[in-house]
Amino acid sequence: MDEFIKTAEQRRLMEKIYALIPVFQKREPELDALRSFPYKNIEDLKRIDYHTLTLPKEYGGQGFGLYEFILAQEAISKGCGSTGLSIGWHTGTVLEFAENRHWNEEPAEWLLDEIRKGALINSAASETNAGSPTRGALPKTTAVVDGDELIINGEKTYTSMAPVLDYFLVTVTNEKGEVQSVIVPRDAKGVSIDEDWDMLSMRGTASHTLVLKDVRVPKSYVLKDGDNLKAKAKGWLLHIPACYIGIAGAARDYALRFATSYVPLSLGKPIAEAPNIRQLIGEIEFELRKARHLLYSTVERYEQADNKEEVADVLSIAKIAVVNAAIDIVDKAMRIVGSRALSASNPMHRYYLNVRAGLYNPPMEDVIKGQLATRAIQSFKDEV
């Protein structure tokens, strides 16, 4: 990981996180259980003020940017993928604000102060049978004005980090048919969590269903509406491929450790010296280095771009390519370890399951490839 650290400040940050990797890896088996969540890992991250990593300095945060965020997310995920993906939604959402300043001023002021003091946030946008919000689906969750309050009703799925969130940023449709994002405090009356997350992949994210029944919040809690709903800068979503390449890195390390120490009687030497295993190791190293260079060069290109929207395709391509590379790396690592990799006591089976969740995080591969195809066809027609 060190080859991508460029400054002394980044190194100090990463040294804190590196110290947590073995601790997180030791705890990760606990996350195989239903309704599990890495409470202790989140507490450890908050102790090093990770919740304020991307919070602007004028609001009391550390003010780090995308590059440091991605470095940190990859390392955290190498220790525990569920922890990395979970905390990445909070820290990334804050970074999105830091880059775009697209929240309404009054609610933003007090929410950012809450984050400084330790509050955790995440968006709640997905809904059962409503389609993905990234594909343009309108929220079925509603907000109705009643005097100085909004009454909110609905359910939100895939609410990652639900057990420890202090505020939910809920997308709603108001009485005018307009979409808004409203801050809903966890302790508001009518808020409950349906602990229905039973996925085999990323089980520890505890992405349960948020249930909102006649929840009342002040009208001033509308965080985003109108032109502010869609941020122009989406670089923070690179935390998704960072998470999965971090998992792939953990699988790579385990496979190397196994290959250099396992000596079968039939071979009389570590299997790392067998030609077929060396070939697999070489392929893993090639894929891992290629994916990481793509990820960090994309981060740098994004940070240097004057118009962030012009590199939107680059972000999407990097996500898809890096996630697919991560899946391939874990598959090859599984082949090195052999059938024992499928044992419930072996971390490889967890890496194998968790890394596949990246296929279902935005942006979706079919959407991006469809957009690329449309542009390529149109471009060709225009030239003819």
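## The end of helix H9

Helix H9 is followed by Gly 338, whose phi is positive, near 85°. Helices here are DSSP runs of H or I with at least four residues, numbered from the N terminus. The model is predicted: local features need pLDDT of at least 70, side-chain atom pairs count only at pLDDT 80 or more, and totals for chains, interfaces and linings use all residues. Residues are numbered from 1 along each chain as its sequence is written, and side-chain values use heavy atoms, with hydrogens and water left out.

The 26 residues of H9 should span 38 Å at 1.5 Å a residue, and the end C-alpha atoms of H9 are 38 Å apart, which agrees. The expected span of a helix is 1.5 Å times one less than its number of residues.

## Packing of H8 with H9

Two packed helices are described by the angle between their axes and the distance between the axes. For H8 (residues 275–304) and H9 (residues 312–337), the axes come within 9 Å and cross at roughly 160°. Axes are lines fitted to C-alpha atoms, for helices over the stretch in contact, and angles run from 0 to 180 degrees between N-to-C directions. H8 and H9 are therefore roughly antiparallel to each other, a term that applies to angles over 145 degrees. The crossing in which H8 passes H9 is left-handed, meaning that the near helix is turned anticlockwise from the far one by less than a right angle.

By class, this contact of H8 with H9 has 18 nonpolar, one polar and six charged residues. Ala, Val, Leu, Ile, Met, Phe, Trp, Tyr, Cys and Pro count as nonpolar, Asp, Glu, Lys and Arg as charged, and the others, Gly among them, as polar.

Lys 332 lies in H9. With a relative accessible area of 15%, Lys 332 is buried, which means under 20% relative accessible area (1.4 Å probe, protein chains only). Not counting residues up to four places away in sequence, Lys 332 touches Leu 280, Glu 283 and Ile 284; contact means heavy atoms within 4.5 Å.

## Packing of H7 with H8

The axes of H7 and H8 come within 11 Å and cross at roughly 155°. That makes H7 roughly antiparallel to H8, and H7 passes H8 in a left-handed crossing. From H7, the contact draws on Pro 241, Ala 242, Ile 245, Arg 252, Leu 256 and Ala 259; among the H8 residues are Ile 277, Ile 281, Ile 284 and Glu 285. The residues of this contact divide into 11 nonpolar, no polar and three charged.

Gly 246 also lies in H7 (residues 239–261) and counts as buried at 1% relative accessibility. Leaving aside neighbours within four places in sequence, Gly 246 is in contact with Glu 74, Ser 77 and Lys 78. The C-alpha atoms of Gly 246 and Leu 71 are separated by 9.7 Å, although these residues are 175 residues apart along the chain.

His 90 is found in H5 (residues 81–100) and is buried, with a relative accessible area of 0%. Residues up to four places away in sequence aside, His 90 touches His 51, Ile 115, Ala 119, Leu 120, Ile 121 and Met 161. Leu 165 is 75 residues from His 90 along the chain, and their C-alpha atoms are separated by 9.0 Å.

Terms used. Helix = DSSP H or I, 4+ residues; strand = E, 2+ residues; numbered from the N terminus. Parallel < 35°, antiparallel > 145°, perpendicular 65-115°, else oblique. Buried < 20%, exposed > 50% of the residue type's maximum accessible area, 1.4 Å probe, protein only.
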